[in-house]
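Here are a few notes to read alongside the structure, for anyone opening it for the first time.

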Amino acid sequence: MSTGNGELSDLYQEVILEHSKAPRNFRKPAEANQHAEGYNPLCGDRCTVYINMDGDAIRDIAFQGSGCAISRASASMMTQILKGKTKAEAAKLFEEFHGLVTGKEAPPETQDLGKLKVFSGVSKFPARVKCATLAWHTLQSALENKDTPVSTE
Amino acid sequence: MTTIAQPVLHDPRLGASRKSTSGLDLVKIRADFPILAERINGKPLIYLDNGATSQKPQVVLDAIANYYTHMNANIHRGVHALSVRATEAHDAARQTVRKFLNAADTREIIFVRGATEAINLVAQTYGRVHVGAGDEVLITAMEHHSNIVPWQILCEEKGAHLKVAPINDRGELMLDEFARLVGSRTKIVAVTHVSNALGTVVPLRQVIDIAHRGDVPVLVDGAQAVPHFAVDVQALDCDFYAFSGHKVYGPTGIGVLYGKRALLNAMPPYQGGGDMISSVTFAKTTYNDLPFKFEAGTPDIAGAIALGAALNYITNLGMDKIAAHESELLAYATEAVGAIPGIRLIGTAFDRAGVLSFVLDHVHPHDLGTILDREGIAIRTGHHCAQPVMERFGIAGTARASFAVYNTKEEVDALVAGIRAAREVFA
């Protein structure tokens with residue numbers, strides 16, 4: 001996007017656009033032993049997160065669904081960062097990610113978000129926070145192996 | 001980041017189309033709406049979300065301030081001067097609404113909070129009396145949730161069935177199917193006048209004739225119709241007609257239910273309270289006459305008066321001129337947006353009003369909405385409270401541009417430029 005629209009290019013960073021067009025781990029793993037569905041009733045976006053837990057560790061994680069660029073990219077990058085992480089590490093990352101996209105960022109030295117920091121632009125677009133966090137809310141439910149679909153509302 | 005050309009945005013207030021072929025003076029009309037001078041992200045506001053709510057002309061804002069500044073008092077109960085003033089202004093607003101709908105009698109005009117409350121009122125009064133176990137309520141596949149859920153609640157309570165007349169791929173009501181669904185168990189038909197998601201104008205004269213041949217009354221949800229063209233409830237011969245003030249240049253929190261007097265008279269009250277009674281003892285309460293029987297409690301007095309001001313404003317502009325201008329604008333937008341590669345228009349009925357709904361390949365409506373917002377262009381994205389319509393077309397949502405009297409071709413050009421820019425971001 002041209003200059004003069006800095007906030008917009010902060011939101012739609014190249015990395016985000018690239019993940020939205022070619023999301024990683026966009027599949028249903030045969031060996032998944034936990035999953036959950038997420039739904040944003042305001043825009044109709046849907047997301048299913050599949051995980052294969054090995055004890056306390058996330059051995060594999062993938063997702064399927066339909067949504068906007070922000071929600072697809074967020075889900076894609078979430079699956080990348082969480083592979084091999086423990087439940088506690090995943091919970092901490094969600095907390096940091098939530099802080100990042102709502103503009104309540106923790107001090108940088110305490111952060112493990114890495115590449116996920118490209119989502120910091122979302123904080124300037126309050127209407128889009130739910131797009132960025134849908135996959136994470138769904139993950140939380142998958143880790144708890146809840147049967148009821150999570151809703152952003 | 002992909003570099004794209006900044007869309008060339010004309011300031012719509014300085015647009016070339018000062019006079020539309022309808023004869024309306026758009027520069028003057030735009031000046032009547034102070035919010036149109038707002039800048040959004042440094043750009044002139046281009047407000048194309050009128051289907052959600054319209055902006056308000058200065059005369060409406062003045063009516064609210066004037067009421068609270070010069071006549072605030074409760075109505076129908078004071079002997080003092082202010083109460084008389086407030087009551088007279090409130091009565092005058094009801095007369096304005098009657099004229100606007102060409103109803104026969106002001107007693108047929110019930111002030112409510114909006115179209116949603118109007119529909120709930122009918123479902124909970126007429127519906128609860130006339131709809132029983134095994135009976136049917138007939139709606140269409142293009143209803144807003146507000147004309148679905150009140151009937152579902154009623155059907156659930158009564159053990160009745162909700163029947164849905166289908167629409168075709170253009171988003172038009174299938175009249176033959178509709179006629180087949182009107183049967184001996186059908187107790188009421190509830191149908192929109194204009195679809196909020198598709199813009200389809202329902203051929204109400206035919207729908208009402210079919211229903212009336214089976215002695216079935218018809219409620220019309222007119223929320224998306226009254227801002228766009230003249231409505232005559234007597235010519236339509238509808239039994240109930242509901243609309244919201246805020247979509248027709250009035251304030252939020254006020255709306256209207258029109259009902260034929262004989263039907264309203266026979267209906268039980270909706271809510272109990274002050275103003276809706278003639279006399280109260282602990283043994284027996286006698287209900288007030290129409291329209292007060294359905295207006296329990298202190299109403300939104302300022303809202304009704306301001307709605308009256310809004311209806312007078314557009315009546316003075318001329319509903320036929322407004323219809324002509326918007327029709328021209330919608331045709332222009334349909335062609336210009338439809339010509340963008342990757343666009344699929346959702347709702348291509350022969351007769352449409354006010355709404356252009358579409359999806360764009362590779363660009364989610366939400367992303368499009370955000371990108372347009374950065375250009376100062378407000379549209380609605382999502383399911384538009386009409387999820388069954390989205391399901392019918394196999395989509396999660398659409399982008400919707402919806403028009404009002406103050407919109408211009410220059411604004412449509414800016415919309416088209418914005419959509420093209422969004423395509424390039426996601427190319």
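1. A word on terms before we start: a polar contact is a pair of N or O atoms within 3.5 Å, and within protein one of the two must be able to donate a hydrogen and the other to accept it. Keep in mind, too, that this is a predicted model.

2. With that in hand, have a look at Ser357(B). The side chain of Ser357(B) makes a polar contact with the side chain of Thr398(B), at 2.8 Å. The Ser357(B) side chain also reaches a backbone oxygen, that of Ala197(B), at 2.8 Å.

3. Where does Ser357(B) sit in chain B? Its place is in strand 14 of chain B, which covers residues 355–360. Is Ser357(B) buried or exposed? Its relative accessibility is 1%, and buried means under 20%, so Ser357(B) counts as buried.

4. What surrounds Ser357(B), once neighbours within four places in sequence are left aside? Its contacts include Ala197(B) and Thr398(B), along with Arg344(B), Leu345(B), Ile346(B) and His384(B). Ala399(B) and Arg400(B) are on that list as well.

5. Now for the nonpolar cores. The largest one has 76 residues, and those with the most contacts inside it are Leu101(B), Tyr241(B) and Phe243(B). Helix 10 of chain B (residues 301–317) gives the most to this core, with 9 residues.

6. Leu101(B) is worth a click. Leaving aside neighbours within four places in sequence, Leu101(B) is in contact with Tyr241(B) and Phe243(B), and also with Ile109(B), Val226(B), Val231(B), Asp232(B), Val233(B), Val256(B) and Tyr258(B). There is also a second, separate core of 72 residues, which includes Leu17(A) and Phe97(A) from chain A as well as Leu368(B) and Ile419(B) from chain B.

7. On to the interface. Chain B puts 20 residues into the contact and chain A puts in 26 residues. Between them the chains bury about 2000 Å², with 53% of it on carbon and sulfur atoms.

8. How many salt bridges are there between chain B and chain A? The count is 1. In a salt bridge, the side chains of Asp367(B) and Arg128(A) meet at 2.8 Å, N to O.

9. Helix 12 of chain B (residues 365–374) gives the most to the side of chain B that touches chain A, with 5 residues. The residues on that side divide into 9 polar, 7 nonpolar and 4 charged.

Terms used:
Residues are numbered from 1 along each chain as its sequence is written. Chains are lettered from A and ligands numbered from 1 in the order in which they are written. This is a predicted model: local features need pLDDT of at least 70, side-chain atom pairs count only at pLDDT 80 or more; totals for chains, interfaces and linings use all residues. Side-chain values use heavy atoms; hydrogens and water are left out. Contact means heavy atoms within 4.5 Å. Buried area is the accessible area (1.4 Å probe) that two parts lose on being put together, summed over both. A salt bridge is a side-chain nitrogen of Lys or Arg within 4 Å of a carboxyl oxygen of Asp or Glu. Helices (H or I, at least four residues) and strands (E, at least two) are DSSP runs, numbered from the N terminus. Ala, Val, Leu, Ile, Met, Phe, Trp, Tyr, Cys and Pro count as nonpolar, Asp, Glu, Lys and Arg as charged, and the others, Gly among them, as polar. A nonpolar core is a set of buried Ala, Val, Leu, Ile, Met, Phe, Trp, Tyr and Cys residues joined through side-chain atoms within 4.5 Å. Buried means under 20% relative accessible area, exposed over 50%, partly exposed in between (1.4 Å probe, protein chains only).
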